[in-house]
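Subject: Handing over the structure

Hi,

As promised, here is the structure to look through. My notes on what turned up in it follow below.

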Amino acid sequence: MKRNVVLAVVSVVALAVVGVVALLSGGSGGAGGSAEAVAKRGSGAGALPTFSADMPAGERAPQTLQATPVVEMEASKPGLASGAPAARPAGPVRPVSGRVVRASDGTPIEGVRVAVHDAGPALPTDSAATQPGVPWLVLGQIDDKVAAKEPPGLVATDTDADGSFALDVPQAAERLALSTDRATQEVELPAGTEAVTSLEIVFDSGFRIGGRVLDETGLPLSGAHVDVERHVEAAADVSGRFVVKDVLPHDGQTMVKVRATAPGHVQATSEVLVPRDVTAQPEVELRLTGSGRLKGRVTHVDGSAVPQVSVRVGFRMGRSTDSQAAHDLEASTDDDGAWEIDHVPAGTYLVQAGGDSATIEAQVGSVLVTDGTGNRSSIPAGSTKVLRVAETWVPDVVVTTGTTTQVDIVLPSGALLAGHVLDPSGAPLSGARVVLERLARWPAPEADGNSITTSDGYSLMTKGGGGTGETVLRREVERRNADEHGRFEFGGLGAGEWHVLASLPGGDHAPADRTIVLRGDEQLASFDLLLSAGVVLRSRVTDPAGQPLAGAVIMLKDAPSNSFRRDDVAARSGDDGSFEVHGVTPARKAIAISLPGYTWVFTEVDPAAPPPAYVLQPAPKLRGEVVDALTGEPVEAFGLKVARGDGYSASDTQSRPGGTFTEEQGDDLPCDVTVSAPGYEPLTIKDVLPSTTTRTPLRFRLVKEN
């Protein structure tokens, strides 16, 4: 990212910009001020954290609990020793004082760590003693907790509310290292032994985003909470205005997401292009519509409270093809089992409670544990056990704007589904893969046609017409390998419809699957799955000249089908273009073949009589560039939609450094291409022949929104 920054110091010696040192520190803030000097922002370790991707609704990462004392990481205030006096180095020193201000607006920054490393004991080299990306952080064991400590020889302090700092540094020190939790920077010190005072450092802590938060009628929402990438935050004032400071994107990131929330309103988000100049302040307007609220209590069948269990608004139950996963609507029950979720848009939902799991490990002696249903069991030393709180799905929960819907949920004791995977003779198949999915269905009378939405964790398929239709939700819950006896077991299951698929990857047996409806307390221990002998599908993948294509991905599933998932990958073509898929049922199959640089093949095949070869055509590429119509500068984040007839493919807004795009197309038929970017009017170019854009890329000149 381009940054307009310079460096100066109120002293007789000019300063130069040097590299980067990563230290641990805290946030920043402060009041107004002026800036006379700027030091260039560094990059690399410690410059930025990695934002975690949101998990699909309804999915939670398992916790790991140990029988031995749990080691925790102590949270610290800004800076490793915030508010503590700076350590005094050994040997001759000279005082250095000044203040640190933002490069974006010249306001002072509180909590910036200002440090210098004095000669002292060697830093630890054991990788276990330092946190990756934070070279000078040392971990120590204190009362069974891991605490961050200052490294030996580090002289450091934090800036005050007015951005000021003062510390004594070794006379031999050549530079100061400045850091927050997201940015680092170094500043050279003047040579000599004289005191350095009134040192003003302009610190590139990121840019600002300003704007207003309004309700659906256009009135300001005072006190609304605003955050950028869930990291830096601000609150709207009485006029709905806000300014979020210190927005620092990842290296190469050209777009950030701003989110606003307020009680009784649906949260709103807006994508903002990263300015090319750190002093520029993009403006956004976020309008929040009214929402409903859900609340209730989660209990066991005996009426006792279930504390610390998750409740999620999982899926919107649409009447047409508008069913979709909900996001960011989750709560955890308190000690009395009570929960509450605000910001829920009006609609009908599938609410999920429970499903939480934990792995208990007995390291020393046997451990007595109590699961989520109150059952107690002992885990022998050296063994582990996965405990699951049975998940309950509550369908048809209606949310209305401005009202609170009460939803009390009873968690069952949990069902057991277990059995064996067997071959045609009844012998166990060790290592067979067993995939468990939860199913839900609801009517979609307004659907006209078919639609499918898939992710790694779930799929939503809607089929309808003539006033009748249905949406089927399939969500993968767990997958396991059968043991040496071919046995599998799934415990802690909720009441409802379940689908089990068993297969032997790479084997000669065809997959088998069954669907069953369970009660919440049912114990079914003889749910056996018999894999039949399958046929072998053999063919080749070539280019139009008959040359073999290696590495093509072959996906296979029962016909008819127009959607594929990761479990449908059946083979890859070898160096001679050939492939084999073993254990295929004789039924007609849908097959998809793909290879980068070539068009996809979608067709159906008789596994016993496949064609001798599948021919992939070279894929034409759709190329283009997107610029600001006024300045000619690249627009480096946008969404792209390519439409042909009644179908289209589209991508969400994403970072595209340089403002260019190259998209492989399935064919060379005319298409309409639409580009949409945050803050700009969408623009469509019609009847584009992809192959013509190889020599003359499309040029989109976007006009800013009024």
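In what order do the four strands of the open sheet with β14, β13, β16 and β17 in it lie? The order is β14-β13-β16-β17, with antiparallel pairing. Before going further, a word on the source: this is a predicted model, in which local features need pLDDT of at least 70 and side-chain atom pairs count only at pLDDT 80 or more, while totals for chains, interfaces and linings use all residues. Residues are numbered from 1 along each chain as its sequence is written, and side-chain values use heavy atoms, with hydrogens and water left out.

Back to the four-stranded sheet. Its edge strands are β14 (232-235) and β17 (268-273), each of which pairs on one side only. From one strand to the next, the twist averages 20° (axes are lines fitted to C-alpha atoms, and angles run from 0 to 180 degrees between N-to-C directions). β13 (residues 225-228) pairs with β14 in the antiparallel sense over four bridges; two strands pair if DSSP finds at least two bridges between them. Val-228 has Val-232 in β14 as its bridge partner.

As for the whole protein chain, the secondary structure comes to zero helices and 55 strands (DSSP runs numbered from the N terminus: helices are H or I with at least four residues, strands are E with at least two). Of its 706 residues, 44% count as buried, where buried means under 20% relative accessible area, exposed over 50%, and partly exposed in between, with a 1.4 Å probe and protein chains only.

Next, the nonpolar cores (sets of buried Ala, Val, Leu, Ile, Met, Phe, Trp, Tyr and Cys residues joined through side-chain atoms within 4.5 Å). The largest has 27 residues, and Ile-209 and Val-213 touch the most other members. Strands β12 (207-215), β13, β14, β15 (241-247), β16 (255-261), β17 and β18 (283-288) each supply at least two residues of this core. Leaving out residues up to four places away in sequence, Ile-209 touches Val-228, Phe-242 and Val-284, among others; contact means heavy atoms within 4.5 Å. Another core, of 22 residues, lies apart from the largest one and includes Val-309 and Leu-411.

A second open sheet has six strands in the order β34-β35-β36-β33-β38-β39, again with antiparallel pairing. At its edges stand β34 (449-454) and β39 (512-518), each with a single partner strand, so one side of each is left without a neighbour in the sheet. Within this sheet, β35 (residues 458-465) and β36 pair in the antiparallel sense over eight bridges, and Gly-464 stands opposite Gly-469 in β36.

Strand β36 (residues 468-481) also holds Arg-474, which counts as partly exposed because its relative accessibility is 24%. The side chain of Arg-474 makes a polar contact with that of Glu-437 at 2.9 Å. A polar contact is a pair of N or O atoms within 3.5 Å; within protein, one must be able to donate a hydrogen and the other to accept it, and residues adjacent in sequence count only if both atoms are side-chain atoms. Arg-474 is also in contact with His-499, and the two are 25 residues apart in sequence and 8.6 Å apart in space, C-alpha to C-alpha.

Finally, is Lys-589 buried or exposed? Lys-589, in strand β46 (residues 589-594), is buried, because its relative accessible area is 5%. Its side chain makes a polar contact with the side chain of Asp-558 (3.1 Å), and a polar atom of that Lys-589 side chain lies 2.9 Å from the backbone oxygen of Ala-587.

Enjoy exploring!
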